[in-house]
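Here is a short report on a protein structure. Fold, pairings and surface are taken up in turn.

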Amino acid sequence: MSLPPPPTAPRHPSGASPLPLLLLGVLLLAHLALYLLPGWLVAERRTPLSPDVGITLTVVLMLLFAALVALVARTPGRRLVATLVAATTIPVQIALHVALRTADFSSIREIEIITAWGATLIAVVQVAAWGIARREGGVWPVGLIALVVVAAAQWVVRFDVSQLVTDVVPGSGTTSLLIAWTIFWAWFVMPVLLTGLLCFVIDEATLTSRSTRRV
C-alpha cells in the first residue's frame, strides 16, 4: 500500500498582495502625465519641456519599472534576469533620443517609423521582463507576438484613428487637447497591458492543462 503524496501549498495564495499592481498603476499614471506634459506646456504657452529633461524623466520611469519587476519576481534568479531585461530598455530609449536629435532624416515618415517601432520594441521587452519575473511555464512568450501584430495594425490605421479622435473630441482648447492626447495614450498603452494579460492567461491555461494530465 503506497502512501499519498504530501500536501503542497497552492501556487497562487488567495491572500496575495495587490501592491505590485497598485504600484504598476501609479507608474502608468506617471507615464500618462509625462506623455501629456510637453503638449500641455505648449498649449498653455509656457516654457517648453527640454528634450534632455524629457529623456531624464523617461529613464527614471524605466528605472522604477525595473525596480517594480524586481519587487514582484518569484525567485532571486528570476529577479536578477527580469531586472536586467527591463533595464535593457534604457539604452534603447537613449539611443532613440540621440538619433532623433542628431540624425539627418529625409522625411517625417522616417521619424515616425523609428519612433513607432522603437516604442514597440521597448514595450515587448518590458512585458517580457514582467513575464520572466512572474510567469511559471514556458509557453507564455507566444503571447508577445500579439503586441507586434497589434502595433503593425495600429501603424496601418494611424491616420484614420487620428482623424476619428479629432472628429469625436470637440473644440481646440487645452481641455480638448488633453482629452484627445489621453485617448492616443490609451490607444498605444492598452495593447501592452492586454498583451501582459494574454501571457498570464496562456501561462495559467498551460499549467492547468499539464496538472490535469498528471492527475
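The side chain of Arg74 meets that of Glu136 in a salt bridge, at 3.8 Å from N to O. A salt bridge is a side-chain nitrogen of Lys or Arg within 4 Å of a carboxyl oxygen of Asp or Glu. The pair links distant parts of the chain: Arg74 is in the loop between α2 and α3 (76-87), Glu136 in the loop between α5 and α6 (144-156), and 62 residues separate them. Glu136 is partly exposed too, at 29% relative accessibility.

## Basis of the model

This is a predicted model: local features need pLDDT of at least 70, side-chain atom pairs count only at pLDDT 80 or more, and totals for chains, interfaces and linings use all residues. Residues are numbered from 1 along each chain as its sequence is written, and side-chain values use heavy atoms, with hydrogens and water left out.

## Overall fold

The protein chain has eight helices and zero strands. Helices (H or I, at least four residues) and strands (E, at least two) are DSSP runs, numbered from the N terminus. The order of elements from the N terminus is α-α-α-α-α-α-α-α.

Of the 215 residues, 31% count as buried. Take the contacts with a separation of 6 or more: residues 24 or more positions apart account for 77% of them. Contact means heavy atoms within 4.5 Å. The chain exposes about 13400 Å², and carbon and sulfur atoms supply 72% of that area. Accessible areas come from the Shrake-Rupley method with a 1.4 Å probe; for residues, only the protein chains shown count as cover.

## Other salt bridges

The structure holds four salt bridges. One of them joins Asp52 and Arg101, at 2.8 Å from N to O. Asp52 sits in helix α2 and Arg101 in helix α4 (residues 89-102), 49 residues apart, so this pair also links distant parts of the chain. Asp52 is partly exposed, at 42% relative accessibility.

Another bridge joins Asp203 and Arg135, at 3.8 Å from N to O. Asp203 lies in helix α8 and Arg135 in the loop between α5 and α6, 68 residues apart. Both Asp203 and Arg135 are buried.

## Aromatic rings

There is one aromatic pair. Phe65 and Trp130 are stacked, 6.4 Å centre to centre, with 25° between the planes. Rings of Phe, Tyr and Trp (its six-membered ring) pair if their centres lie within 6.5 Å; planes under 30 degrees apart count as stacked, over 60 as edge-to-face and the rest as tilted. Phe65 belongs to helix α2 (residues 51-72) and Trp130 to helix α5 (residues 108-134), so the pair ties together parts 65 residues apart in sequence. Phe65 is buried at 11% relative accessibility, and Trp130 is buried at 16%.

Trp155 takes part in a charge-over-ring arrangement: Arg158 lies over its face, 3.6 Å from the ring centre. Here NZ of Lys or CZ of Arg must be within 6 Å of the ring centre and within 35 degrees of the ring normal.

## Helix α8

Helix α8 spans residues 174-214 and includes Met190. Met190 is partly exposed, with a relative accessible area of 39%. A nonpolar surface patch is formed by Met190, Leu193, Leu194, Leu197, Phe200 and Val201, with about 500 Å² of accessible area together. Patches are made of residues with over 30% relative accessible area and no salt bridge: like charges are joined within 9 Å, nonpolar side chains (Val, Leu, Ile, Met, Phe, Trp, Tyr) within 5 Å.

Thr195 lies in helix α8 and is buried, at 3% relative accessibility. Neighbours within four places in sequence aside, Thr195 contacts Val127, Gly143, Leu144, Ala146 and Leu147. Ser176 is also in helix α8, and is buried at 16%.

Arg45 lies in the loop between α1 (19-43) and α2. Its phi is near 60°, a positive value in a residue other than glycine. Most residues other than glycine have a negative phi. Arg45 is exposed, at 81% relative accessibility.

Leu64 is in helix α2 and partly exposed, at 44%. Leu64 and Leu27 are 37 residues apart in sequence and 7.8 Å apart in space, C-alpha to C-alpha.

Notes:
Buried means under 20% relative accessible area, exposed over 50%, partly exposed in between (1.4 Å probe, protein chains only).
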